[in-house]
Amino acid sequence: MRRLLCLFLAMLLMLSGCMGQSPAKTEDGVLFYYRNADEKAYFSETGIMAAENRTIRWEQQSIAGLMEVYLQGPISPGLSSPFPKGLRLLETRILPGEITLIFDDSLSSLSAVGLRVAAGCIARTLWEYSGYETVILQAESQLLDGEEQLVLRPAEFVLSDNSAGQPNAPVRLYFADPQGRFLMEEQRSKPADIAMSQQEYILRSLITGPQSESLSPTIPRGTMLLSVSVQDGACLVDFSAEFRQNRPEQELQERMTIFSVVNSLTQLEEIETVEILVEGSPVERYLYLDLAQPLTEDSRLIGPVRSGMGEFDATLYVCLNGEEKLAAFPMRLQETVDAARVETVLKALSVFHASNGYYSPLAQYGKVQSVRTEEGSIHVEFAEGLMEQCKTEAERTALLRSIVATLSSLDEIDDIFLYEDGTDIPLTPELSRPTGDWFFP
């Protein structure tokens, strides 16, 4: 009876227009799927998800209203939200049998495993009642586990995570590409006769280095693994003194070293954060990064740049907590027919998700209203209040340097003109052109 009801409602929904569509509901309410906190559920018939029945008021029965309630999280004990805190649905696009949900960029902050769980929970909730066969998830400007969008269909959907119980399941190791700009994946499987945990196997494999000649090692020479442990989602890694003594000499190389470790470990279901010790002691500053803080996965560092699929290699210049200089942050961005590269790069800077100490002043303080280019010059209009939000001269300098350096990295830009609500933002000679002392070596 429920299947017939859903099919009937789906036909009604497709005939009733787009944004006015409503999810189907039963007399008992709506089933919301979330993550099951019981790890034994990983091997059960229903997998790592479980549902709670929620009563939805009539004014919440649009897709936008339903998702607003859904993203607030579960109310039932034993369930937890798989989504980043404060995740917002920005746009809904609906076609017959297909729904696309566009979220803010915090969705891209999830680990690869976490993203699959979150996507599955959303998709199953919508499949249950909305009548949409295909559910597509996108982030506003970032990739999701290396993809522009996630496409989910019931026939391809796996309820349980069988790999969680397979100690020798393949793992992804991350090493540096030849240019040292992105982390590249190399898959390995732990031999069955090796008596060590997956965490230890990953770390020892990183120390040994890549098998492919096209990839570069990331762990400093001579480094030994002293210990690794996991408790409540936090992984504690202790390296020998060589890890610090032979550390990289450049900021970008430092990032490749640290996040080859972090991104390789956080693919494991039981690990959410990584803290790195040297000889049992916290490292407040490695080269520039603060290793005393728990570090989380950053999928933005993962390559390759797929030019054949419309991606291009861009460099954003962002800030690092506690440092005055700018960090070059390579990004894979998607080229679109309705936006020039300069617009895409500036938008990426304006929505850059702060994590692990890296942040964009523009994302903190301002909003881009318009971008206009003409004969090598770019004119950027920001919303009112951009400069007022900078409380100190140092914050103002960091903001303007970040914008100017990012735009100057594009070959087609010669001159930069900035405006705030129609009024010029004056750029002094010291701020109009990047110089070497702006950047980390």
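This is a predicted model: local features need pLDDT of at least 70, side-chain atom pairs count only at pLDDT 80 or more; totals for chains, interfaces and linings use all residues.
Residues are numbered from 1 along each chain as its sequence is written, and side-chain values use heavy atoms, with hydrogens and water left out.

A search of the whole structure turns up three cavities of 30 Å³ or more. Here a cavity is a set of points, on a 1 Å grid over the protein atoms alone, where a 1.4 Å probe fits but cannot get out, and lining residues have an atom within 4 Å of a point. A volume is the space filled by probe spheres set on the points, which are joined across faces, edges and corners.

The largest cavity holds about 70 Å³, and its lining is made up of Gln 142, Leu 143, Ser 299, Arg 300, Met 331 and Arg 332.

Now for the backbone. Most residues other than glycine have a negative phi, and most peptide bonds are trans. Gly 303 and Pro 304, though, are joined by a cis peptide bond, with omega at about 5°. Asn 356 isn't a glycine, yet its phi is positive, about 55°. Asn 356 is also buried (under 20% relative accessible area), at 6%. Asp 421 has a positive phi too, near 50°.

Note on methods. On a 1 Å grid over the protein atoms alone, a cavity is a set of points where a 1.4 Å probe fits but cannot get out, and a pocket is an open set with protein on both sides within 12 Å along at least five of seven lines; lining residues have an atom within 4 Å of a point. Buried means under 20% relative accessible area, exposed over 50%, partly exposed in between (1.4 Å probe, protein chains only).
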